[in-house]
Amino acid sequence: MARVNKYLFGIIIRWFDSTNLQSMKLQIYLFLFNIFLSFLTFSQNLDSILAIFTKDPYLKKANLSVLAIDLSTGDTLVAKNPDLAVATASTTKLFSTAMAYEVLGPEHRPLTEFYTDGFVQHGVLLGNLWVKGGGDLSLGSKFFYSDSLKYQRIEHWKEELLALGIREIDGVVYFDGSAFGYDPIPKGWSHHDFGNYYAAFPGGLNFSDNLCAYVFTSKAVGTKAKFLKSVPNQPNMVVNASVYAANIAEEMVSLKGSPYQMTRSFSGSIPANKDSVSVVGSLPDPESSFAGVVSDVFDDTLVLCSGTLTVREGKEKKPDYDQLSLLFRDLGLPIHEIATVANHKSNNFFAEGLFQSVAYHVTGEGSNEKDVKVARTFWGSRIDTNRLVLCDGSGLSRKNRISAGHLCSVLRYMRQTDVFPSFYSSLPIAGVSGTLTNLCKDGAGSGRIHAKSGTMNGIKSYAGYIESASGQTVPFAIDSNGFTCRRPYVVSTMV
């Protein structure tokens, strides 16, 4: 972080320590305003920041929404366009994670359930096996399992079936990932994002963060690279690749591909003379890939006579599970662990999954249409949602419309709930953890600001809590949107 940012955050922290909140509204406003401006300029001179902002042709048209409030009274301490609703990128995750904490609870664990419409005789399951997904986001995730342990729970499923006396499955193994629907792209996501790792979408059945490694090999500089394989294997995938070897240290490849479409297009460069270079992207079809992974693990012990089929591609109607026999259930990791990664790592996959998990819990359907309606109802009964538009749970949608006022209202509301300690601990800490590791590092604000950041092209935002030494808590939000400069121009002021 630039030295000016450390200096400004340090001053405001010291003022919170020493000054009565009600007597310093103007001063806080000036400093918060200048903190925002310091994100957008090379200047280290505080007095010149406002002038630079108003004259810079790239920055002067940017929209700004700022608010800080007294937590105990809700009174405004500082405000600049607090009701201006714009896209705020990943600070949107405060809505989805807060709602998940409230509706599901920190210790809620999603289920994967195994049913049959048959019976076991002489080691053979005479009938179909149904694997019903409940939106578990943790299975095989790199955030919770090492490479050597990522298949551990699937191995446990195999042991459960063997313990039930099943050595062979005569019918079809159906994989039902319909819990979150099959229309995975929220309104406002750009088609340029489809296929990329940060746009991996959750389903009712998920594995390894729904990511896929597309592996290339290269030879001399300037020669065309060769596509080798995908991990996990995508047997029906069509690859269009215009990737060349270059004198570079890391891959620079653009990836495009729509959900549930098996064509993936690659363009760009990878390091020369490499046996294996992985380009990480999202899975085209998580449900089908999940079935493949489970089949591979089961294959060495269980005989799957009739193979596997997913609900989306199958012709058989999804059963009434109440009429089937439940064999066993598997619990995913608690919501708190998922939400912590969502906020600390700004993980879109987990945030979207939490958003949809709430809708699934409330309505039995976790589709994008349902989760937006559930969120509207939930927040509409708790905060002023005038001008608020939520199209997704991660902030990747540019159709979201969120103001500093909306964010501060969420922060104030959560402070009054029983789940606040869990919610608070899920937020990155300035100078310490997550996406705020380099903010105020070694400064007065280090360890004193718990907040979520948001960054996209033309967007920068922060929202969270400032804690004073006297124990006062100040919710704040700074939303900025509409830069006309390239991202490096903004980012260079922060590093």
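## The main nonpolar core

The largest nonpolar core contains 48 residues, and those with the most contacts inside it are Phe95, Trp379, Met414, Phe423 and Tyr465. A nonpolar core is a set of buried Ala, Val, Leu, Ile, Met, Phe, Trp, Tyr and Cys residues joined through side-chain atoms within 4.5 Å. Buried means under 20% relative accessible area, exposed over 50%, and partly exposed in between (1.4 Å probe, protein chains only). Among the elements that give two or more residues to this core are strand 1 (63-69), helix 4 (93-103), helix 9 (368-380) and strand 19 (459-467). Helices (H or I, at least four residues) and strands (E, at least two) are DSSP runs, numbered from the N terminus. Apart from this core lies another, of 23 residues, among them Phe290, Ala291, Val293 and Val294.

The structure is a predicted model, in which local features need pLDDT of at least 70 and side-chain atom pairs count only at pLDDT 80 or more, while totals for chains, interfaces and linings use all residues. Residues are numbered from 1 along each chain as its sequence is written, and side-chain values use heavy atoms, with hydrogens and water left out.

## Trp379 and the aromatic pairs

Leaving aside neighbours within four places in sequence, Trp379 is in contact (heavy atoms within 4.5 Å) with Phe95, Ala98, Met99, Thr385, Leu390, Val410 and Tyr413. A search of the whole structure finds 26 aromatic pairs. Rings of Phe, Tyr and Trp (its six-membered ring) pair if their centres lie within 6.5 Å; planes under 30 degrees apart count as stacked, over 60 as edge-to-face and the rest as tilted. Phe95 and Trp379 form an edge-to-face pair, 5.7 Å centre to centre with 85 degrees between the planes. Phe95 lies in helix 4 and Trp379 in helix 9, so their pairing ties together parts 284 residues apart in sequence. Both residues, Phe95 and Trp379, are buried.

The rings of Tyr115 and Tyr321 have centres 4.9 Å apart and planes at 50 degrees, so this pair is tilted. Tyr115 belongs to strand 3 (residues 111-116), and Tyr321 to the loop between strand 16 (308-310) and strand 17 (325-331), 206 residues apart. Tyr115 counts as buried at 7% relative accessibility, and Tyr321 is buried with a relative accessible area of 9%. Ring pairs also link Phe114, Trp157, Phe175, Phe290 and Phe328 into a cluster.

## Strand 6 and its partners

Strand 6 (residues 129-133) is mostly covered, with 4 of its 5 residues buried. Two strands pair if DSSP finds at least two bridges between them. Strand 3 and strand 6 pair in the antiparallel sense over 5 bridges; Thr112 has Gly133 in strand 6 as its bridge partner. Strand 6 and strand 8 (residues 173-176) run parallel and are joined by 4 bridges, and Trp130 stands opposite Tyr174 in strand 8.

Ser461 lies in strand 19 and is buried, with a relative accessible area of 1%. The side chain of Ser461 reaches the backbone oxygen of Thr88 at 2.7 Å. Leaving aside neighbours within four places in sequence, the contacts of Ser461 include Thr88, Thr91, Ile478 and Asp479.

Ile478 lies in strand 20 (residues 473-481) and counts as buried at 2% relative accessibility. Ile478 and Ala68 are 410 residues apart in sequence, and 8.8 Å apart in space, C-alpha to C-alpha.

Note on methods:
A polar contact is a pair of N or O atoms within 3.5 Å; within protein, one must be able to donate a hydrogen and the other to accept it, and residues adjacent in sequence count only if both atoms are side-chain atoms.
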